[in-house]
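Here are my notes on this model, point by point. Please read them with the structure open.

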Amino acid sequence: MSTSTPKSKSNYVKPLITKLQGGMINKFGATPYYARKVRTNIDGVSIESLTKNFGSPLFVFSETHIRHTIRQAKEAFSTRYPNVTFAWSYKTNYLDAINAIFHQEGSIAEVVSEMEYDKARHLGVPGSDIIFNGPHKSIAALKKAAQEGAKIHIDHFDEIDDLEKVAEELDRKIPVAIRLSLDAGIHPQWSRFGFNLESGQAMDAARRITMGGHLQLIGLHCHIGTFVLEPDAYKTQIEKMIHFGYRLEETLDIHIDYFDIGGGLPSRSQLKDTYMPPDISVPAMDTYAEKISEGLNNALRPGDYPKLYIESGRALIDEAGYLITTNIASKRLPDGRKSYILDAGVNLLFTANWYKFNIETDRELAGLGEPSLLNGPLCMNIDIIDEGTMLPPMPRGTRVILSPVGAYNVTQWMQFIEYRPAVVLITEESKPLVIREGEDLSDLLHREHLPDHLKLNQPS
Ligand SMILES: *Cc1c(COP(=O)(O)O)cnc(C)c1O
């Protein structure tokens with residue numbers, strides 16, 4: 001037997017079996033093996049300088065993008081119908097700076113609560129340029145809105161009672177609109193807001209308003225849903241609204257000054273259970289404008305050009321918003337998947353429940369992609385931003401830029417476990433400006449009261 005000199009042993013590495021799934025052809029076509037892109041800047045401001053100056057995570061909005069989008073939307077509609085006004089949906093994103101951009105571009109305000117109403121007034125929007133929607137308006141809020149000449153959109157019969165009381169108190173007739181719910185061919189149908197058209201409830205409401213003698217019905221409102229991917233639904237909607245308007249004229253001698261078709265137009269965002277990228281699955285703004293103007297042409301009598309309000313929210317702001325996050329650590333889960341821990345999670349991205357974000361990194365990543373989880377910083381199992389994206393190994397400190405996140409996140413974010421971060425607006429001159437400061441402990445404490453007998457470290 002010959003003896004051989006022992007070779008130096010390499011360290012034992014536990015074998016790992018992972019299911020291969022990337023890049024396979026399936027009935028939906030080939031999924032991109034690794035579709036991620038590199039993003040080094042937003043509107044010319046480097047990701048590096050943004051995080052250096054304002055920290056991470058960081059919400060970033062592009063003023064250029066917002067102005068471009070609202071101008072395009074206005075053009076799409078105003079070239080097809082002469083009497084259109086946009087009303088900015090506050091709940092979609094009500095940071096003052098964002099609201100102000102829309103108001104500068106000619107949008108009035110659309111609010112769904114007294115809080116939002118107060119925010120619009122505080123910003124300097126006159127009451128007459130506020131559409132007051134929503135199922136909850138206190139008597140005090142209705143009184144304030146009536147006195148300030150807001151467009152009050154009634155949601156239910158009890159609100160008719162409330163407003164009549166306000167009218168009596170103010171000793172004058174209050175102009176109002178009613179919200180309609182109707183079948184525009186999309187499912188599920190939103191039926192919990194407003195008065196149903198097909199059941200005759202809307203006609204009852206109009207009769208009730210006329211008989212009461214304290215209110216004057218001048219407008220009809222309807223908001224059929226959100227992320228509505230069928231432009232035809234809007235055509236059906238506006239035709240039904242106009243026909244109803246003419247019926248009111250014939251039966252109750254009510255003249256409708258304006259029709260408000262609500263919002264619900266989709267942004268270029270990808271719903272989680274869809275396979276087509278938004279560029280294919282989301283119709284263009286022009287398609288919606290075309291269908292809506294067809295409906296107007298079909299239903300309106302020649303020579304009638306009532307005001308059309310559009311309350312589009314997400315379609316006008318979503319793609320203007322980014323969230324810069326940082327990969328703070330990674331780990332291997334027992335099922336073989338890689339998990340990255342980002343410094344932002346569902347506390348800041350409420351919409352992660354429904355939408356799949358674009359994932360971009362501030363640098364090229366070398367290596368093969370593997371199924372990866374993007375988790376947030378919360379000590380909560382549900383804190384998942386993305387599941388199953390193919391990512392090459394991502395070094396600690398990599399900035400991960402998520403988009404579009406401009407709609408519904410900086411209103412529905414939570415002060416839960418973590419501070420909420422700063423929000424920056426990049427101006428048309430590529431200047432980053434803080435439009436909301438990052439929070440600190442004082443934000444948590446300033447409304448709390450600690451009773452004396454619960455104070456720690458006091459002499460006993
Ligand atoms: C939320 C809301 C909007 C905006 O909806 P989007 O889907 O963001 O366009 C418009 N009008 C009303 C009444 C709303 O509640």
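**Ligand site and nearby backbone**

1. A nitrogen atom of the ligand sits 2.6 Å from an N or O atom in the side chain of E311. I call this a polar contact, meaning a pair of N or O atoms within 3.5 Å; within protein, one atom must be able to donate a hydrogen and the other to accept it, and residues adjacent in sequence count only if both atoms are side-chain atoms.

2. A word on the basis. The model is predicted: local features need pLDDT of at least 70, side-chain atom pairs count only at pLDDT 80 or more, and totals for chains, interfaces and linings use all residues. Residues are numbered from 1 along each chain as its sequence is written, and side-chain values use heavy atoms, with hydrogens and water left out.

3. An oxygen atom of the ligand is 2.5 Å from an N or O atom in the side chain of T226. For the side chain of Y408, the distance from a ligand oxygen to an N or O atom is 2.6 Å. The protein covers 95% of the 390 Å² of accessible area that the ligand has on its own (Shrake-Rupley method, 1.4 Å probe).

4. What surrounds the ligand? The shell holds 16 residues, and the closest are K91, T226, G264, E311 and Y408 (a residue is near if one of its heavy atoms lies within 4 Å). By class, the shell has one nonpolar, 10 polar and five charged residues. Here Asp, Glu, Lys and Arg count as charged; Ala, Val, Leu, Ile, Met, Phe, Trp, Tyr, Cys and Pro as nonpolar; the others, Gly among them, as polar.

5. Y408 is found in the loop between β23 and α12 (DSSP runs numbered from the N terminus: helices are H or I, at least four residues; strands are E, at least two).

6. P404 lies in that loop between β23 and α12 (409–412) too. The S403 to P404 peptide bond is cis, with omega near -10°. Another cis bond joins S56 and P57, with omega about 0°. P57 lies in the loop between α1 (47–54) and β6 (58–62).

7. Strand β23 (residues 399–403) runs antiparallel to β20, joined by four bridges (two strands pair if DSSP finds at least two bridges between them). S403 in β23 is the bridge partner of N358. Strand β20 (residues 358–361) also pairs with β3 (residues 37–38), in the parallel sense over two bridges. There, K37 stands opposite E360.
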